[in-house]
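Work through these exercises with the structure open beside you. Try each task before you read its solution.

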Amino acid sequence: MSQRPAVGDLTDGRTYGSEAHQGHAARYWHLQDDGRIRCDVCPRECALTDGQRGFCFVRRRIGDGLALTTYGRSSGFCLDPIEKKPLNHFLPGTSVLSFGTAGCNLGCRFCQNHEISKARQMDALMDTAGPDDIARAAVAAGARSVAYTYNDPVIFAEYAIDTALACREAGLRNVAVTAGYVQGQAASHGGRTAHGAGDADLPRARDGCVGGDHDARDPWRER
Ligand code: SF4
């Protein structure tokens with residue numbers, strides 16, 4: 001196995017660019033021998049030159065690093081009954097604070113949230129909220145959990161994981177609504193952090209979903 005020349009720093013909280021929305025340092029990537037940066041979050045394994053964005057649109061190479069351009073920015077918040085996620089035996093009768101960002105690593109033609117999953121204007125992200133802000137808002141609203149939903153949290157893994165940690169510290173549980181199209185450290189870190197529930201939808205198993213040339217039957221497989 002060849003040695004990776006550089007790896008995304010797991011502790012790096014830098015903000016790229018002169019404006020915060022240009023991005024937060026992403027964690028799951030490495031520099032390839034050909035000079036491109038490969039995102040390791042999902043099986044698409046986008047290999048990027050400077051300025052390029054991945055298929056999901058929200059992970060972008062900036063110089064010698066990879067940025068998550070939606071960190072701290074949400075497409076909106078909503079207080080839902082937990083049964084709407086849909087979860088039946090997880091904290092029944094309680095409220096969950098739901099939020100999502102923009103972009104997606106899938107390309108389903110039947111997507112119900114295509115306005116945000118295929119958003120190409122970051123103006124679709126109306127609310128600015130860091131992990132601690134979300135945890136505080138959930139507690140203030142009387143929610144028992146926070147849901148990462150509307151678009152797949154896989155693509156905003158760093159934001160979701162940091163928020164999940166803040167929620168755990170605040171005594172909240174976490175709910176990930178995901179197709180599970182994720183791999184490697186992003187998958188293992190997300191799984192270890194969640195302390196809650198996961199709703200694994202499998203759109204790639206249906207007609208009309210573009211999930212890449214990968215096995216649609218085993219989304220949790222380590223690659
Ligand atoms: S998360 Fe986005 S940038 Fe990363 S491999 Fe998947 S589609 Fe590409």
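**Exercise 1. Is glycine 107 buried, partly exposed or exposed, and where in the chain is it found?**

Solution. This is a predicted model, and each step below is worked from it.
- Step 1: locate the residue. Glycine 107 is in the loop between β9 and α1 (114-117).
- Step 2: count its neighbours. Glycine 107 has 18 other C-beta atoms within 10 Å.
- Step 3: apply the cut-offs. Buried needs 20 or more, and exposed means 12 or fewer. Glycine 107 is therefore partly exposed, with its 18.
- Step 4: look across the chain. Phenylalanine 55 is 52 residues away in sequence, and the two C-alpha atoms are separated by 9.1 Å.

**Exercise 2. Which residues are around the ligand, and how do they divide into nonpolar, polar and charged?**

Solution. 
- Step 1: list the shell. It holds Cys39, Val41, Cys42, Arg44, Glu45, Cys46, Gly54, Phe55, Cys56, Arg59, Asn105 and Ile155.
- Step 2: sort them. The shell has 7 nonpolar, 2 polar and 3 charged residues.
- Step 3: pick out one member, Glu45. Glutamate 45 sits in the loop between β3 and β4. With 18 other C-beta atoms within 10 Å, glutamate 45 is partly exposed.
- Step 4: check its backbone. Most residues other than glycine have a negative phi. Glutamate 45 is not a glycine, yet its phi is positive, about 50°.

**Exercise 3. Where is leucine 91, and what is its phi?**

Solution. 
- Step 1: Leucine 91 belongs to the loop between β8 (76-81) and β9.
- Step 2: read the angle. Its phi is near 45°, a positive value in a residue other than glycine.
- Step 3: Leucine 91 has 17 other C-beta atoms within 10 Å and is partly exposed.

**Exercise 4. Which residues of helix α2 are buried, and what do they pack against?**

Solution. 
- Step 1: find them. In α2 (residues 131-141), the buried residues are Pro131, Ile134, Ala135 and Ala138.
- Step 2: view the helix down its axis. These buried residues of α2 fall within an arc of 100°, so they line one face.
- Step 3: recall the helix geometry. An α-helix has 3.6 residues a turn, so residues three or four places apart point the same way.
- Step 4: name the partners. The buried residues of α2 pack against β9 (95-100), β11 (145-148) and α3 (157-169).
- Step 5: see what follows the helix. Glycine 142 comes after α2 and has a positive phi, near 85°.

**Exercise 5. Why is strand β12 largely enclosed by the rest of the structure?**

Solution. 
- Step 1: count. In β12 (residues 173-178), 6 of the 6 residues are buried, so the strand is largely enclosed by the rest of the structure.
- Step 2: check both faces. Arg173, Val175 and Val177 are buried on one side, and Asn174, Ala176 and Thr178 are buried on the other.
- Step 3: Arginine 173 has 22 other C-beta atoms within 10 Å and is buried.
- Step 4: find the neighbouring strand. β11 and β12 run parallel and are joined by 4 bridges. Valine 146 stands opposite asparagine 174 in β12.
- Step 5: The chain goes from β11 through α3 to β12, a right-handed β-α-β crossover.

How values were computed:
Residues numbered from 1 in each chain as written. Predicted model: local features only at pLDDT ≥ 70, side-chain atom pairs only at ≥ 80, totals over all residues. Near = placed C-beta within 6 Å. Nonpolar A, V, L, I, M, F, W, Y, C, P; charged D, E, K, R; others polar. Helix = DSSP H or I, 4+ residues; strand = E, 2+ residues; numbered from the N terminus. Arc of directions from axis to C-beta. Contact = placed C-beta atoms within 7 Å. Pairing = 2+ DSSP bridges. Right-handed = clockwise from strand over helix to strand, strands pointing away.
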